[in-house]
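Hello! Here are my notes on the sheet in this model, written to be followed with the structure open beside you.

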Amino acid sequence: MSEQLHYALFTGCTAKQSTPELLSSTLAVANKLGIKITILEEASCCGASHLQDFDEFLAHVLNARNICYAEKLGLTMITICNTCQLNSAMTKHALDKDPELKARVNEKLGEVGLEYKGTSEIKHFLYAIIDEYGLDNVKEKVTTPLSAFNIAPFYGCHNIRPTELHGKSNGNENSYNPTSLDNLIVALEGNPVNYSHKNKCCGFHVELQANHTSEVLAGNAMVDAIDNNADMMVTPCPLCHLKMDTYQDSVGNVVGRDIALPVLHMPQMVALALGCTESEIGLKFHVQKAKQIFTEAQPA
Amino acid sequence: MSENIAGATTRKVTIKAFRFNAETDYLPTYKHYTMEVGKDELILDLMNRIKWEHDGSFSYRRSCRHGICGACAIKVNGKATLACKQNAIELLDLFDNEITLEPSSTKRAIKDMIIDKSDFWEKHEAVKPYVVTDVDPRPEGESKQSVAEFNNFLDSDLCIQCGACHYSCPALEVNDAFLGPAAFAAAYRFTVDPRDEAGKERLQTTFESAAGVWDCVKCFECADACPKDINPIEKIGKLHNMQFEQGIAVSNVATRHAEGFLRGIKKTGFLDEADIVTYSEGYLGMYKHVGTAMKMMKSGKIHWHSGIPFIKSIPEIKNLSELQKLIEISQTNKL
C-alpha cells in the first residue's frame, strides 16, 4: 500500500450493544492491515428501515447528520452492518438525486449548524477490504490459514440489494451470484461452501411481528448450509448474525431439524486468519458455542 | 466459441430446463438441451429453439416479444427473468455457462414454464387496482392533474403484471395471506392518484397483519426482480408512511416496533435493543422472549440491567442534544 487507508467508522447500534465482538474484531483487523479508523462518535442509529416506515423524512435527516460528520473529516464512511449500509446509502442516494429534498433536509440540519453536501462515499467494510485494500494484500497477512474449515458465506440482503443503489460501492456485486465473501474466504485459505441460500433473507426484520416467517427463512438458509457441509457461517451483517446465532433452538423447532452452526461476523473470520487475539475475536459472545473455533484454527 | 458462415461468434452451451406436466407427472424432471447460442439471442429465443429444434412438447407462455405483456416471465438460476427482454449470453456469463430454466414458481407449475397465476390475480384484485370514483357523465370541465401528481405514480403505472416480484418474494413463500409486492405497488399507484377515492380503504387492506405491508421482510428481492424498475419495496415504504399520515396505523407490535425506535434514539442516540422488544411486545408479550434473553445474558450479549429504565446500559453519542433538537423539529408522523 503506498498510502495508508483512512476511514470514518459508523459503528451502528448493534456493535455498541449485543455484538461487542463485531466492534473489537473490526478494530483488530484494521490494526493488523494498517488501516486507520476514526470512529464517528457523533453518529446515531440509522433507523434500520423501521424508523423509515414510521417517518421517512425524519430518518433522512438523522442519516444525513451522520454522513455530515464523515464529510467534515473528508473521509469515506464505512459501515459494519448491512442495514446501516443500506439506510445510510438510501439517504445519500435520495438527497443526491433530489435537490428539493436535499434543501428541505439541509434546512433542518442548518438549525444545528450542519450541512449535508454529498461529498463522502459510504461503503461496507467488506468492500473496503476487497476493493480498496485488495485481496492479494490480505493474503500476504494471513498467519492462520482457515484451511480446516468449510465456511458458508451468507451475504445478507442489504449489502447486495437493491443493485441500483449498491453497484458503485460494492464493486458491482451481482445479487443473484455474489462472489465477494467467497473470494475473501479463499484469500484466507478457507473452503467456501456453495449453497443456494447464500444471497437470501434471514428474516431478522420481522422477528417480532411475523415470527413464523422469520424463523422459516433463517431455518431454510441454515439447513441449506449444514446440508452442504458447512462448519460455520460467516456474514457481514450483525442482524443476520443475531437472527441466526441467537435463535437456533426455536428455528430448529420450526423447520424440524437440529441446528448447531456457529455464525461468525465477517471481521471475526478475518481476525482469526490474521492472528488476532482470542479476546479481540470475541467468540465467547456467541450464543451458539463458537469458542472452539479459535483453538481449532491455531497451527499445530 | 465458434464461428458460423456469417462470421458471427456463437457459444456452445447445454441448457437445463424444468419439465413437468401436472396432469401426468408426480415429480418434475430436468432435461438438457445443447445448442450454439449467438450474442443477440434472448432467453425467449432459446425457449423457442428448445421447442422447435428439440422437443415440440416444451411449453411456455409468450405473446408480445416486446417486454410489455408480462407473459414470458420465468426464472433462470433463481433470477426472475422476462424471457423476451433478457440477453442469453449475459446470463451465461453471470452463471459460468450453466443455466437452468424454471417456471416463476415451481410449486405452481402446470406444464413446464407455465404456472397457475390465480393467487397473483386474486391478490392484485384485493387492492382494487383501478381508479374508484363516481364519474360524472357530463362533466363541466376536464379532470386535470399536475405534473407532480402524475409523477407520483408514473413508475408504478408501468407494472405489466408479470409476477416477477410476486414469485421472488420470500415472505409470500411462507405466508399465504401476504398480498405481495405487486399488489402493494398497485395499491400505492391508485391511492396516490388524485382522481381516486378508495385510498383509505386500500391503506386499511394493506395494513392488516399477515396480509399487509408490515409482514414485508425487507429483503429487496422485488426491487431486483422487477423488469420495469418499479422498485415495489419503495412503494411499500410509502404505504407504511401513509398509514401513519392518514391515521390508519393503530398501535400494535409492528407499528410500535417502528415508532419505538425513536424512544432509544432520543435518549442516547442509539436504538435501545432491550427496550424496543419490551415496548413493541408489551410487558405481557415478553414471556416469548425470556428464553432468548437468558441465553443472550449468559453469553454476555445483554446484561441484567438491559432495558431497565433509569439504569444506563447504553453509551451516549457525542452531541446528543443536537440530535434531540433535530428530532423535535423534523418529526412529521405520530402513532
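1. Strands here are DSSP runs of E with at least two residues, and helices are runs of H or I with at least four, numbered from the N terminus. The pair belongs to β1(A) and β3(A), which are joined in the parallel sense over 4 bridges; two strands count as paired if DSSP finds at least two bridges between them.

2. Before going on, please note that this is a predicted model, where local features need pLDDT of at least 70, side-chain atom pairs count only at pLDDT 80 or more, and totals for chains, interfaces and linings use all residues. Residues are numbered from 1 along each chain as its sequence is written, while chains are lettered from A and ligands numbered from 1 in the order in which they are written.

3. β1 (residues 6–10) of chain A also runs parallel to β2(A), with 4 bridges between them. There, A:Tyr7 faces A:Ile37 of β2(A).

4. β3(A) is linked to β4(A) by 3 bridges, again in parallel. A:Met77 has A:Ile122 in β4(A) as its bridge partner.

5. Put together, the 4 strands of chain A form an open sheet in the order β2-β1-β3-β4, with parallel pairing. β2 (36–39) and β4 (122–124) of chain A each have a single partner strand, so one side of each edge strand lacks a neighbour in the sheet. From one strand to the next, the twist averages 40 degrees (between lines fitted to C-alpha atoms, with angles from 0 to 180 degrees between N-to-C directions).
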